[in-house]
Amino acid sequence: MDILLMGPPGAGKGTQGALLAEARGMPKFATGDLLRDAVKRGTPLGLQAKELMEAGHLVSDDLILGIVREELSKPAAGKGVIFDGVVRTIPQAEGVERLLAEQGRSMSAVLFFDVSDDEILARLAKRREIESRADDDPQAVAIRLKAYRKQTAPVLDWYEDRKLVHHIPAVGSVSEIAEKVSRVLGK
Ligand code: AMP
């Protein structure tokens, strides 16, 4: 089963993805985490992504699809992956569909974490104090939200057309939201 987690920055994809991965014994794959690690280690991938990421812009579709291809070739990913924030543009949605199809797979469900703009801004300000991520500063947050609305929101419609989307109101405690997720996915 391949599951995609979608939602604006700060919607809780990372937190819920980690819980879901543990509960289902599935690998979670977050391009943001992988890229941040590459930036920290100064690898060629990190050097390519650093400036765009820190300013809050999306990195290129080719780069993301290359990373997804590599992830899907790992034995641990053979039975399904929880994709966290991976598909952020229509070309990425098409590319991931192609890569899964090469393995006789397709996306099983898309969970959209629904949260208000005010709540997002409050959560990102809080996260900035704790994690000091460069892209949580107010200017980068504004750019990230703009990228989300322009490039990622249409992806939701792409998956809606394929009847894959489940809306999860991402308010309440972490465990309340996790409960909603497991109810939507079933056993
Ligand atoms: P995230 O941790 O998912 O919010 O990602 C942090 C940053 O990494 C984003 O603002 C982008 O610069 C980059 N990034 C992560 N995933 C993607 C993706 N699927 N497409 C393009 N850029 C991405």
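Reply: Arginine 36 places a polar side-chain atom 2.9 Å from an oxygen atom of the ligand. This is a polar contact, a pair of N or O atoms within 3.5 Å; within protein, one must be able to donate a hydrogen and the other to accept it, and residues adjacent in sequence count only if both atoms are side-chain atoms. The model is predicted, so local features need pLDDT of at least 70 and side-chain atom pairs count only at pLDDT 80 or more, while totals for chains, interfaces and linings use all residues. Residues are numbered from 1 along each chain as its sequence is written, and side-chain values use heavy atoms, with hydrogens and water left out.

An N or O atom in the side chain of glutamine 92 is 2.9 Å from a ligand nitrogen atom, and valine 59 brings a backbone N or O atom to 3.1 Å from a nitrogen atom of the ligand. Around the ligand there are 16 residues, of which Thr31, His57, Val86, Arg88 and Gln92 come nearest; a residue counts here if one of its heavy atoms lies within 4 Å of the molecule.

Thr31 also belongs to helix 2 (residues 31–41), where Thr31, Leu35, Ala38 and Val39 are buried. Helices (H or I, at least four residues) and strands (E, at least two) are DSSP runs, numbered from the N terminus. Buried means under 20% relative accessible area, exposed over 50%, and partly exposed in between (1.4 Å probe, protein chains only). After helix 2 comes glycine 42, with a positive phi near 70 degrees.

The buried residues of helix 2 pack against strand 2, helix 3 (44–55), helix 4 (61–72) and strand 3, where contact means heavy atoms within 4.5 Å. From helix 4, leucine 63 is in contact with Leu35, Leu45 and Gln48, leaving aside its neighbours within four places in sequence. Leucine 63 is buried, with a relative accessible area of 13%. Between leucine 63 and glutamine 48 there are 15 residues in sequence and 9.2 Å in space, C-alpha to C-alpha.

Phenylalanine 29 in strand 2 (residues 28–30) and phenylalanine 83 in strand 3 (residues 82–84) are 54 residues apart, and their pair links distant parts of the chain. The ring centres are 6.2 Å apart and the planes stand at 75 degrees, so this pair is edge-to-face. Rings of Phe, Tyr and Trp (its six-membered ring) pair if their centres lie within 6.5 Å; planes under 30 degrees apart count as stacked, over 60 as edge-to-face and the rest as tilted. Both phenylalanine 29 and phenylalanine 83 are buried.

Arg88, one of the residues that come nearest to the ligand, leads on to helix 7 (residues 138–161), which holds threonine 152. The side chain of threonine 152 reaches the backbone oxygen of arginine 88 at 2.8 Å. Threonine 152 is buried at a relative accessible area of 4%, and touches Met6, Val87, Arg88 and Ala147, not counting residues up to four places away in sequence.
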